[in-house]
Amino acid sequence: MAITLKLNGEIQTLDADPGTPLLWVIRDDLKLTGTKFGCGVAACGACTVHVDGVPVRSCQTYVEDVEGSEITTIEGLNSDIGRAVQTAWAELDVVQCGYCQSGQIMSAVGLLSENAKPSGTDIDDYMNGNACRCATYQRIRAAILRAADLMEA
Amino acid sequence: MTLTTSRRGFLATAAAATGVLAIGISPRGALAKAGDGALNPFVTIAPDGTVTAIIKHFEKGQGTATGLSTLIAEELNMSLDAIKFEFAPSDPAVYNNSLFGPYQGTGGSTAMANSYLQYRTAGAAAREMLLTAAAQRWGVAKSALSLKDGTISGPDQSGDIGEFVADASLLDVPADPALKDPAQFRIIGNPDVHRNDQNSKIDGTAQYAMDLHLENQMVVVIKRSPRMGGSVASFDESGAQGIKGFIQALALPNGAGVAVYADKTWAALQAREAVRVTWDFTAAETRGSDEIRRELLASLDGDAEFDASSESDLSDTLAAIEGAAQVVEETFYFPLLAHAPMEPLTATIEPLADGAVVIHDGAQFPTSNHNVLSQILELPMEKVKVNTMIAGGSFGRRATPSADYQVEVALAFAMTDRTRPVKLVWSREDDITGGYYRPAFAHKVRVGLDDSGKIVGWDHRIAGQSIFKGTFFESVMVHGGIDHASVEGAADTPYDIPGMHFGLTDNKPATTLLWWRSVGHTHTAYVMESMMDIAAKAAGKDAVDFRLEYLSGGTPDQQRLAGVLELVAQKAGWGNVAKGRSQGVAVHKSFGSYVAQVAEISRDENGAVKIEKFTAAVDCGLPVNPNVIKAQIEGGIGYGIGAIMRNEITLTGGETDQFNFPDYEPLRMRDIGAIDTHIIASSEAPTGIGEPGTPPAGPALANAIAVDGPRITSLPMQNEGINFA
């Protein structure tokens with residue numbers, strides 16, 4: 001069926017079966033590969049994108065359910081919060097293998113959009129669904145705090 | 001110009017015509033430049049002055065691209081972000097890991113130890129050649145020139161290095177170029193230097209093998225036997241025929257599964273669900289993990305199959321324990337573990353116009369890729385190319401001696417008409433159920449102490465499944481029947497303990513096995529450091545002081561272990577822990593590096609354990625990238641304790657019981673607090689850092705829990721009644 005998506009500010013029309021996860025449309029049809037396949041069951045967060053500004057797991061989001069929504073992937077992240085998060089990530093050398101980091105960043109931006117001054121516990125609770133097998137957690141925590149400071153400055 | 005033969009002059013001129021200065025090592029092992037025959041370089045400098053470090057080890061997050069680039073940048077006196085890096089092609093004659101034999105590969109935390117002098121020497125040679133070329137052009141003494149940030153400066157002139165590349169490429173390579181004086185280091189050891197591979201991982205542009213979308217590619221997923229060792233009897237793909245994008249289903253010629261081809265990943269995954277396979281389980285494994293456990297534990301009660309002690313005799317040890325004032329004894333069990341790197345396994349084979357192929361892979365063992373593709377596709381080695389891409393983690397999983405997933409993609413490609421690229425994709429379920437697990441191990445240790453609390457005998461029996469037997473590396477790692485990886489970290493302990501004896505019994509594997517971040521140390525460190533704590537308690541001594549007693553012999557290993565132990569005790573405030581908190585300590589040598597850790601925990605009102613903090617001290621020789629070293633200690637601790645807290649793979653009737661992250665739950669952010677790492681200043685040769693952070697983490701945590709709680713000797717801890725807050 002024909003699907004029309006608004007993704008990173010652009011209208012995209014494509015052919016996909018109902019029930020196709022948004023993840024695979026983003027990756028295989030639109031060739032935007034910053035959004036990662038990690039588990040396919042919404043248990044790791046590597047596929048996190050924003051739908052109308054809210055982080056969702058694209059592997060468990062059917063493409064037909066987000067027609068008409070504003071979808072943002074890591075490639076389209078262009079907000080002040082997004083830039084602050086990415087700057088903090090670089091300052092603190094958060095990444096190791098990096099495969100989960102697009103999802104981590106999309107979740108972190110979601111957190112700071114809701115809560116400009118999160119505590120350590122707020123961060124742990126919000127980010128707990130984003131797995132990092134390299135265990136970069138303490139740097140992620142510090143980078144979110146740093147991004148909050150950058151936003152305030 | 002100092003060319004010695006016209007032949008070399010021709011080749012050098014040809015190289016110069018390309019205008020690139022390229023320095024590496026020739027197949028004869030000598031420092032060489034492009035034009036000196038077969039050469040793949042460690043560093044290239046283009047006429048525009050662009051410096052590129054060629055990385056012969058793959059990057060799975062451990063920081064090797066940063067580390068090896070640092071060595072080149074340092075010798076060329078440039079900032080790290082001013083040079084580029086790319087991964088080396090597969091050529092074991094040139095890029096072999098000298099610590100592995102004639103084999104190109106990454107593992108055993110060897111990248112820096114193996115490359116430190118090679119890359120510095122190549123960088124130094126390039127620097128000397130550029131300076132010589134400038135000195136000749138300007139008619140000044142080379143000693144009057146300096147090189148900094150891509151500019152050569154003399155008494156009266158200065159110029160960009162690019163201006164001298166062509167001339168430099170015509171010069172002889174100095175046989176033994178002077179390396180930079182460590183007092184002049186700008187990048188090596190500098191804690192403010194950032195990783196050089198992070199920008200593309202932050203903005204989503206980094207290309208992993210999973211991200212490859214080649215024109216006209218097919219995606220293939222494999223329906224594998226649910227039971228280890230089963231084979232395809234027959235299959236029916238009619239259910240997949242209606243799925244849009246489904247192309248075909250074919251049984252792999254080795255019987256291991258059915259390859260399902262589609263034009264996109266989701267179609268392939270759906271089609272696989274619809275393909276029905278009848279399996280032949282005649283040769284399949286039928287045992288479960290409970291049986292493995294019983295067999296391993298039972299074998300500890302009899303005589304060990306192999307004597308892993310070269311110096312001591314079991315009867316002396318038994319006599320010493322018999323005469324001891326007190327004896328402490330524990331039995332330990334370690335389950336199968338999966339690696340679960342974030343990027344599921346994947347590789348793509350691309351056909352080229354001339355009949356050659358390229359495999360695009362996060363290639364940890366390029367030599368294995370090269371060999372299996374050459375054999376399966378019946379192509380000469382020069383028709384097989386390996387494009388090493390960054391990998392989304394590995395922890396050992398991408399380093400299979402049998403090249404398991406590369407064999408799969410090669411077989412899947414071979415069954416096609418070889419005109420379209422074939423991309424193999426593993427799902428997370430494939431990964432968790434797919435074997436190649438950290439083997440299960442059991443230990444039984446009896447320690448005798450005299451009436452002054454000194455250890456007089458240590459009877460240590462290990463039973464488990466050998467990783468190295470039957471692999472390419474067997475001749476290196478297995479001696480006298482003993483797989484060193486089964487006993488490393490125990491039988492070779494630097495502790496100066498009298499009356500130690502180690503016995504090993506191999507157990508037939510019930511599944512495919514593989515090293516897992518820190519290999520044998522994953523279990524030996526847990527046992528050694530738990531027993532040292534138990535013995536210290538029995539002796540009525542402080543856990544740090546007790547260990548230091550057995551590290552006072554003055555050997556370099558003992559001195560360096562004592563050094564990290566004393567530092568971690570100081571930094572963690574050992575002995576002065578806040579009310580409601582408990583600390584546990586562990587110290588261990590692995591992969592040439594020395595790591596001590598203190599775990600600090602609290603308990604909530606329900607008794608659940610909260611990991612508040614880890615403090616670590618590390619001695620890995622000269623610290624090349626302190627920031628990367630700290631990251632690897634942080635990650636090593638997290639990777640280790642995540643498994644120790646709650647991970648196990650169990651088998652029922654030869655089938656894996658876990659499928660995905662919900663039932664193989666990774667460490668989460670809430671699980672772990674701060675990690676504070678301290679690095680020992682050292683001028684010793686650099687040693688490994690990818691793995692050594694992992695071994696002490698589990699026993700440090702276990703020792704902290706045992707202060708006011710149970711002694712956990714069977715893993716994971718969650719199975720033994722430990723809840724984590």
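I take two strands as paired if DSSP finds at least two bridges between them. The model I am looking through is predicted.

**Entry 1**

Is β2(A) buried or in the open? I went through its six residues, 10–15, and the number buried is zero, so the strand lies largely in the open.

**Entry 2: overall form of chain B**

I turned to chain B and counted its secondary structure as 19 helices and 30 strands. Its C-alpha atoms fill a box of roughly 80 × 70 × 50 Å along the principal axes. I compared the radius of gyration with the globule rule: a compact globule of 725 residues would have a value near 27 Å, and chain B has 28 Å, which agrees. Buried residues make up 57% of the 725 residues in the chain. For contacts between residues at least 6 apart in sequence, I noted that 75% join residues at least 24 apart.

**Entry 3: the nonpolar core**

Which residues touch the most other members of the largest nonpolar core? In this set of 277 residues they are B:L130, B:V220, B:V260 and B:A268. Helix α4 of chain B, residues 111–138, gives the most to this core, with 14 residues.

**Entry 4: a four-stranded sheet in chain B**

I traced an open sheet of four strands with the order β25-β26-β27-β30 and mixed pairing. β25 (581–590) and β30 (672–679) stand at the edges with a single partner strand each, so one side of each is left without a neighbour in the sheet. Neighbouring strands are turned by 15° against each other on average, direction ignored.

I looked at one pairing in detail. Strand β27(B), residues 609–619, runs parallel to β30(B) over seven bridges, and B:I611 stands opposite B:I672 in β30(B). Helix α18(B), residues 626–646, packs on the sheet and touches β26 (593–603), β27 and β30. The direction of this helix makes about 140° with that of β30(B).

**Entry 5: backbone exceptions**

Most residues other than glycine have a negative phi, and most peptide bonds are trans. I therefore listed departures from this.

A:A42 has a positive phi of about 60° although it is not a glycine. I found A:A42 in the loop between α1 (22–29) and β3 (48–51) of chain A. Its count is 19 other C-beta atoms within 10 Å; since a residue needs 20 or more to be buried, A:A42 is partly exposed.

B:A340 is likewise not a glycine and has a positive phi of about 50°. I placed B:A340 in the loop between β15 (326–334) and β16 (346–351) of chain B. With 26 C-beta neighbours inside 10 Å, B:A340 counts as buried.

Where did I find a cis peptide bond? The bond from B:L715 to B:P716 is cis, with omega near 0°. B:P716 belongs to the segment after α19 (697–708) of chain B.

Methods: Residues are numbered from 1 along each chain as its sequence is written. Chains are lettered from A and ligands numbered from 1 in the order in which they are written. This is a predicted model: local features need pLDDT of at least 70, side-chain atom pairs count only at pLDDT 80 or more; totals for chains, interfaces and linings use all residues. A residue is buried if 20 or more other C-beta atoms lie within 10 Å of its own, exposed if 12 or fewer, and partly exposed in between; C-beta atoms are placed from the backbone. Helices (H or I, at least four residues) and strands (E, at least two) are DSSP runs, numbered from the N terminus. A nonpolar core is a set of buried Ala, Val, Leu, Ile, Met, Phe, Trp, Tyr and Cys residues joined through C-beta atoms within 7 Å. The radius of gyration is taken over C-alpha atoms; the globule rule is 2.2 Å times the number of residues to the power 0.38. Two residues are in contact if their C-beta atoms, placed from the backbone, lie within 7 Å. Axes are lines fitted to C-alpha atoms, for helices over the stretch in contact, and angles run from 0 to 180 degrees between N-to-C directions.
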